[in-house]
Amino acid sequence: MYKELKKFKTNNSFNYTTNDSLEEVCNASENGSGVFLVYAVDGEEKELIMVGSTGTIQNDGTLKSKNGGLFDKIVNGHQFAKTGRKYTWPTQMKSENIASLEVYWYETFNAKTNAIPTYVEGLILQNFLDENARLPRWNVAF
């Protein structure tokens, strides 16, 4: 786990396989903003393959978030095509022979903590880049 994430007390995780409905297994907050990390799981091996975030902080310090929060970003956010992850993840997993995913999510901006979601996302991606000289394979750019 990345040390930057330890301070965020509102968090959880879920597992996802191509046989699952992403909408049914996703337990992410529907009104929270923050980051999510996606790991490809192969037996005992786990590889971080993507980091994402949702929520924008306005110049007055308030949060602007889309309806559906982290849940909506994970389930319906576009990736690999101009359609939601609930459709594209199973296809991508099959093409890469990924048996299952573990998704960890963290609310980074709420009544108790005020960390800008894209800042936290950037910290994690920078650490990954420092360690691996590249971004996670499902992150196209940052």
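Biologist: How many residues of strand E2 (residues 33-42) are buried?

Modeller: Strand E2 is mostly covered, with 9 of its 10 residues buried. Keep in mind that this is a predicted model.

Biologist: And how should I read a strand in general?

Modeller: Think of side chains alternating between the two faces of the sheet, as they do in a regular strand. Then look for the partners. E2 pairs with strand E6 (residues 100-109) in the antiparallel sense, over 9 bridges. It also runs antiparallel to strand E3 (residues 45-54), and 9 bridges join E2 to E3.

Biologist: Which residues can I click on to find those bridges? For instance, what is the bridge partner of Leu-37 in E6?

Modeller: Go to Tyr-104, which is the E6 partner of Leu-37. For the E3 side, pick Ala-40 and you'll find Glu-47 as its bridge partner.

Biologist: What about the turn? How many residues lie between the strands in the hairpin of E2 and E3?

Modeller: There are 2 residues between the strands, and Gly-43 takes a positive phi near 65° in this hairpin. While you're in that area, look at Lys-46: its charged end sits over the ring of Tyr-39, 5.3 Å from the ring centre.

Biologist: Rings, then. How many aromatic pairs does the model have?

Modeller: The count comes to 4 aromatic pairs. One of them is Tyr-16 with Trp-89, a tilted pair at 6.2 Å centre to centre with 50° between the planes. It links distant parts of the chain: Tyr-16 belongs to strand E1 (residues 11-17) and Trp-89 to helix H3 (residues 85-95), 73 residues apart.

Biologist: Are Tyr-16 and Trp-89 buried or exposed?

Modeller: Both Tyr-16 and Trp-89 are buried. Now compare another pair, Phe-80 and Trp-138, which is edge-to-face: 5.0 Å centre to centre, 85° between the planes.

Biologist: Why does Phe-80 count as partly exposed, and why does Trp-138 count as buried?

Modeller: Phe-80 counts as partly exposed because its relative accessibility is 41%, which falls between the 20% and 50% cut-offs. Trp-138 counts as buried because its relative accessibility is 4%, under the 20% cut-off.

Biologist: Which residues form one aromatic cluster?

Modeller: Tyr-16, Phe-80, Trp-89 and Trp-138 do.

Definitions and conventions
Residues are numbered from 1 along each chain as its sequence is written. This is a predicted model: local features need pLDDT of at least 70, side-chain atom pairs count only at pLDDT 80 or more; totals for chains, interfaces and linings use all residues. Side-chain values use heavy atoms; hydrogens and water are left out. Rings of Phe, Tyr and Trp (its six-membered ring) pair if their centres lie within 6.5 Å; planes under 30 degrees apart count as stacked, over 60 as edge-to-face and the rest as tilted. Helices (H or I, at least four residues) and strands (E, at least two) are DSSP runs, numbered from the N terminus. Buried means under 20% relative accessible area, exposed over 50%, partly exposed in between (1.4 Å probe, protein chains only). A charge sits over a ring if NZ of Lys or CZ of Arg is within 6 Å of the ring centre and within 35 degrees of the ring normal. Two strands pair if DSSP finds at least two bridges between them.
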